[in-house]
Amino acid sequence: MPESSQVIVYPPSRRSNQVDDYHGTLVADPYRWLEDPDSDETKAWVESQNQVTFAYLSEIPARQKIQQRLTKLWDYEKYSIPFKEGENYFYFKNDGLQNQSVLYTLKSLDAQPRVLLDPNQLSADGTVALSGFTISDNGKHLAYGLSTAGSDWQEWKVRDVETGEDLSDHLQWIKFSGASWTNDHQGFFYSRYDEPNEKTKLEDVNYYQKLYYHRLGTSQSEDILVYDRSDEKEWGFSGGVTEDGSYLIISVWLGTDSRNLVFYKDLTNPDAEVVELIPQFEADYSFIDHDDHVFYFRTDLNAPRGRVIAIDTKNPAQEAWQEIIPQSDATLESVNILNNQFIADYLADAHTQIKIFDLQGTFIRDVELPGLGSAGGFGGKRDDTETFYSFTSFTTPGTIYRYNIVSGESQLFREPKVDFAPDDYETTQVFYQSKDGTQVPMFITHKKGIKLDGNNPTYLYAYGGFNISLSPSFSVSVIAWLEMGGIYALANLRGGGEYGEEWHQAGMKEKKQNVFDDFIAAAEWLIANNYTKSAKLAIAGGSNGGLLVGACMIQRPDLFGAALPAVGVMDMLRFHKFTIGWAWTAEYGSPDNPEEFPALYAYSPLHNLSENTAYPATLITTADHDDRVVPAHSFKFAAALQAAHEGDVPVLIRIETKAGHGRGKPTAKIIEEAADKWAFLVRTLEVVLAK
């Protein structure tokens, strides 16, 4: 019997007689009690599961060595792109192993930086994180949001940039909101919910968001309500002030639907009403900037891969809209105006292209990037002639360049020094055929010169949903896997945004099975092309990607050696009953809808486990404070999986305490979890490590 096959005694999980009727279909839910994270029974269950899991992980000989290597790899200086407001520059820096990055300010790029906000000083264990910030455009005030233990709930405060002291302002009950300063620097717009029940705020459903204006030096109770809709409980509002301060642009969102409405308010007229410019949920509209009463938007209306249009607010009828930059073969992700030119960020076969156009839409040039990868940044003010961007790939850590928009030249600004040899590795992009014939791209990264003999431990990762695109990015954790001889494969499944809205919709609602088919086909391609074999293949994903892993390990338990579903949406019949889960019905459909229920029930991981089945070795990961995908998803799935599983390989759940959905997670916790994950795979996939 191999070492990974030790017999594990799982903690008992009580089964109740709970049964629900869904449109005439009776569905058992025996672990409903695990939905209450604060009950004594659930707390005892969490503790006993963690005891079993950490006992198993601690006995893996390679674990300590993996954690040491991860720690050394992680220990390098990480900088964000610098930006300027007023007379001050700002950037984030992490010395290497700090739990949270620190915000610095300086008068010029070669001046001595000064700490403006160090989130590491806010809690002893690093679990209070900076979750949002905005700086007044005179550079004198910082409004910032804090999140505790990974919660989506935020508290906002205001800090004087010059003195580093906090003002008296204190705002609460903020979630899914940034802040946007007015040009008089006297206050900002933000969105909040009504005060929740303190005991159940991590599970309760969030409805009726409201848009407010907060004036500096006043209490939150005096904030001015700018816009709300008591007749539309699911609408959310994002308010942004235009660069010149003339308008408040209100983007109205409905759950996770990429379609939005656009309203605006003339800030130069105190009596101006909110104007509904785009009153129908028919497409995605991202405001870019405006020339007087002409507004520029990036939209996918009649252009699933995106285009730029102009809307004259004095003649806003749709037939009068003008197309400035037409749709191309690549997907238009975002647009900014710098040097009075459009800087357009495209995704072509899941890697970045940056193109520059004049304001009439005439192409000027491509920005030459260092290679095949992902670039971000290109921020700044409309008249700026220079900007900064960061470039990264699977083997290139985020490298910052200074870009002269007039000459088109890039100059290296900051290059991180990581303790590994990037030239020892290579990345290729392949296109494989899914079940229905669709061509799907996949990046494969590994050491140069590996043998394609079917014996390489392989980590296949994907997401496949919510119009989110996965492009090449640098991960210290993945580097550790590559150094151990592993292959890292990233598949760009349908449901994502890699090829625009049509690609997204091909993996939504009743078409969700396409996403699982794409992932299964990626695994089959890797095996057929001798990269690996089932016994050496692990699949992984988080959140919606956790659902992906859960569904695929159930549909094809024979295909994978290990499965790592992280903070996954596992109960597709009750996901909409917790926090912001209702918002995902735009993506998944609703179990309350008799026409959408059958598809959800057919793939819901919790409801499709089969008794006496040998499932792959599984390490479920979640957090007890996750209020995005509540931990009940993973708790119930783990209990059901342990009851159904027949075999010697472990099916475990690792429950992080004092952590949430992943945002703001301290470095120490990230390293520990990565070490556990790789150690689990080293053992279950029987990876042979170099001495």
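Buried means under 20% relative accessible area, exposed means over 50%, and partly exposed lies in between, with a 1.4 Å probe and protein chains only.

First, the ground rules. This is a predicted model: local features need pLDDT of at least 70, side-chain atom pairs count only at pLDDT 80 or more, and totals for chains, interfaces and linings use all residues. Residues are numbered from 1 along each chain as its sequence is written, and side-chain values use heavy atoms, without hydrogens or water.

Now the whole chain. There are 10 helices and 39 strands. Both are DSSP runs numbered from the N terminus: helices are H or I with at least four residues, strands are E with at least two. The C-alpha atoms fill a box of roughly 75 × 55 × 50 Å along the principal axes.

Of the 691 residues, 58% count as buried. The accessible surface is about 27700 Å², and carbon and sulfur atoms hold 46% of that. Those areas come from the Shrake-Rupley method with a 1.4 Å probe; for residues, only the protein chains shown count as cover. Next, contacts, meaning heavy atoms within 4.5 Å. Take contacts with a separation of 6 or more: residues 24 or more positions apart account for 56% of them.

On to helix α6, residues 544-555. Its 12 residues reach 17 Å from first C-alpha to last, close to the expected 16 Å. The expected span is 1.5 Å times one less than the number of residues. Is α6 enclosed or open? 11 of its 12 residues are buried, so α6 is largely enclosed by the rest of the structure. Among the buried ones are N544, L547, C552 and M553.

Helix α10 covers residues 667-684. Its 18 residues reach 26 Å, close to the 26 Å expected. Here 14 of the 18 are buried, so α10 is largely enclosed too. Just after α10, E686 takes a positive phi of about 55 degrees.

Now the strands. Two strands pair if DSSP finds at least two bridges between them. D20 has V27 as its bridge partner in β2. The two strands form a hairpin with two residues between them, and H23 in the turn has a positive phi of about 55 degrees. D20 and Y22 make the covered face of β1; V19 and D21 make the uncovered one.

Next, an open antiparallel sheet of four strands, in the order β8-β9-β10-β11. β8 (128-135) and β11 (166-174) stand at the edges with a single partner strand each, so one side of each is left without a neighbour in the sheet. Four bridges join β10 (residues 154-160) to β11. There, Q154 stands opposite I174.

Last stop, G239 in strand β16, residues 235-241. At 16% relative accessibility, G239 counts as buried. Leaving out residues up to four places away in sequence, G239 touches S180, L211, L248, I249 and I250. The C-alpha atoms of G239 and S469 are separated by 25 Å, and the two are 230 residues apart along the chain.
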